[in-house]
Amino acid sequence: MAEIYYTSGEFARKAHVTLRTLRYYDKENLLHPSARTPGGARLYTNEDLVRLQQILLFKYFGFSLSEIRELSLASTDASVLLQSMRIQRRLLSERAEEIREMQTAMDETIQMMEEGSRIEWSSMLDLIHLTSMEESLKTQYVNTSNIDARIRLHRDYSVNREGWFPWVFRQCGLKEGMRVLEIGCGSGALWTENAGRIPASVSVELTDKSEGMVRAVQRDLGSDPRFSFRVFDAQDIPEEDGSFDLVIADHVLFYCEDVPHALKEIARVLAPGGRLAAATYGKAHMHEVTDLVQEFDPEIVLSADHLYEKFGLENGAALMTPFFDDITCRRYEDAIEISEAEPLIAYILSCHGNQNRLLLDRYREFREFVMKKVKDGFHITKDAGLFLGKVPGRKAGA
């Protein structure tokens, strides 16, 4: 079948763009005509139309023309394109949130002015900053997208081939008939990545304070009768005393406002001799990522808090001691070696700090900065592990 060719005018009308746009995309090496007439006039094909539609779609999504060119849409690896889309979606979400916060701040300022109140401008700026950090933390766990970005970085670029979730599963020592509670189950990766190793007669209750998280996990595991699902906060567990043989808290406890209270609740719902497996990280964990973003912009803070100070490898055992016996700490020996920018950028954007607002209008510059940093290989320290503690036998009448 003969190829169909369109003149510039026909092609522009078909694609709903101007002739000026076509000339500009040709000049910018985004879309060259497939052929030319003997007199030099541009000729386009249906394949060119598909290419142009891709360019227009990604331009609508907020990609710059240079970024679209670099993606090489006609031949790019699908995983690179998908990662770029995830990053851009994250930036668009942050921009929408920033606009909502600006509207709220403006409404408050207008109200104060209408009431004749004195406006403390420095206090208003501090309030906006704190609100932004708080909202960022709240929206981290509405669904699994941010957790998935972190999991992908660790899964695809870690040195330890066993993987974090198989390692944690092995430390838990599940046996037939055990009653298991996981608080803060996140994406459910602990179970989906170890599906073939789960004993047949265990019962596992997967919980999270985010309803979106629980829905996502239920979609993956809801057909398995060993699993049940509930939404609640780890600091207020709606279960009877002694209901479980094992409680798993994987990078969860440091998010609790009152960590000792959460530990007391966990101990309460464990049967005598039951165990807590609580994973966390230490001060040195992934410090190179923080160093990287602060070299680009010292104002960037990837986390509003040093979470390891609330429950980390350095202090976890001391916090558990009032409620648990036989406490041991097992370290996960690992590191990340990466030479690709996009997975690292996706991880950075998934953190619950102020980075996305500071990078919204500098993303292209930041991407080029990260690409230069990682092109010859980039090492990231991992300092993570897991505490195991046992509930002491209860005295009669206790």
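**Packing and aromatic pairs in the predicted model**

F11 is found in helix α1 (residues 8-15), where helices (H or I, at least four residues) and strands (E, at least two) are DSSP runs numbered from the N terminus. This is a predicted model, in which local features need pLDDT of at least 70 and side-chain atom pairs count only at pLDDT 80 or more, while totals for chains, interfaces and linings use all residues. Residues are numbered from 1 along each chain as its sequence is written, and side-chain values use heavy atoms, with hydrogens and water left out.

With a relative accessibility of 0%, F11 counts as buried (under 20% relative accessible area; exposed is over 50% and partly exposed lies in between, with a 1.4 Å probe and protein chains only). Leaving aside residues up to four places away in sequence, F11 touches Y6, L22, L31, Y44, T45, D48, L49 and L52, contact being heavy atoms within 4.5 Å. F11 and L43 are 32 residues apart in sequence, and their C-alpha atoms are 8.3 Å apart in space.

Turning to the nonpolar cores, the largest has 62 residues; such a core is a set of buried Ala, Val, Leu, Ile, Met, Phe, Trp, Tyr and Cys residues joined through side-chain atoms within 4.5 Å. W191, L206, L253, I266, L276 and F324 have the most contacts inside this core. Not counting residues up to four places away in sequence, the partners of L276 include V247, A249, L263, I266, M320, F324 and F387. A second, separate core of 26 residues includes V289, F366, V370 and I380.

The axes of α12 and helix α15 (residues 341-350) come within 12 Å and cross at roughly 90°, the axes being lines fitted to C-alpha atoms over the stretch in contact, with angles from 0 to 180 degrees between N-to-C directions. That makes α12 roughly perpendicular to α15 (65 to 115 degrees; under 35 is roughly parallel, over 145 roughly antiparallel and the rest oblique). Ten of the ten residues of α15 are buried, so α15 is largely enclosed by the rest of the structure. H285 lies in the loop between β8 (270-281) and α12. H285 is buried at 16% relative accessibility and touches H154, T381, K382, D383 and A384, not counting residues up to four places away in sequence.

What of the aromatic rings? Rings of Phe, Tyr and Trp (its six-membered ring) pair if their centres lie within 6.5 Å, with planes under 30 degrees apart counted as stacked, over 60 as edge-to-face and the rest as tilted. By this rule the count comes to 13 aromatic pairs. The ring centres of F296 and F369 are 5.3 Å apart and the planes stand at 50°, so this pair is tilted. The pair links distant parts of the chain, with F296 in helix α12 (residues 287-296) and F369 in helix α17 (residues 363-374), 73 residues apart. F296 is buried at 11% relative accessibility, and F369 is buried at 16%. The rings of F311 and F387 have centres 5.9 Å apart and planes at 70°, so they form an edge-to-face pair. F311 lies in the loop between α13 (307-310) and α14 (316-320) and F387 in strand β10 (residues 378-390), so the pair ties together parts that are 76 residues apart in sequence. F311 and F387 are both buried.
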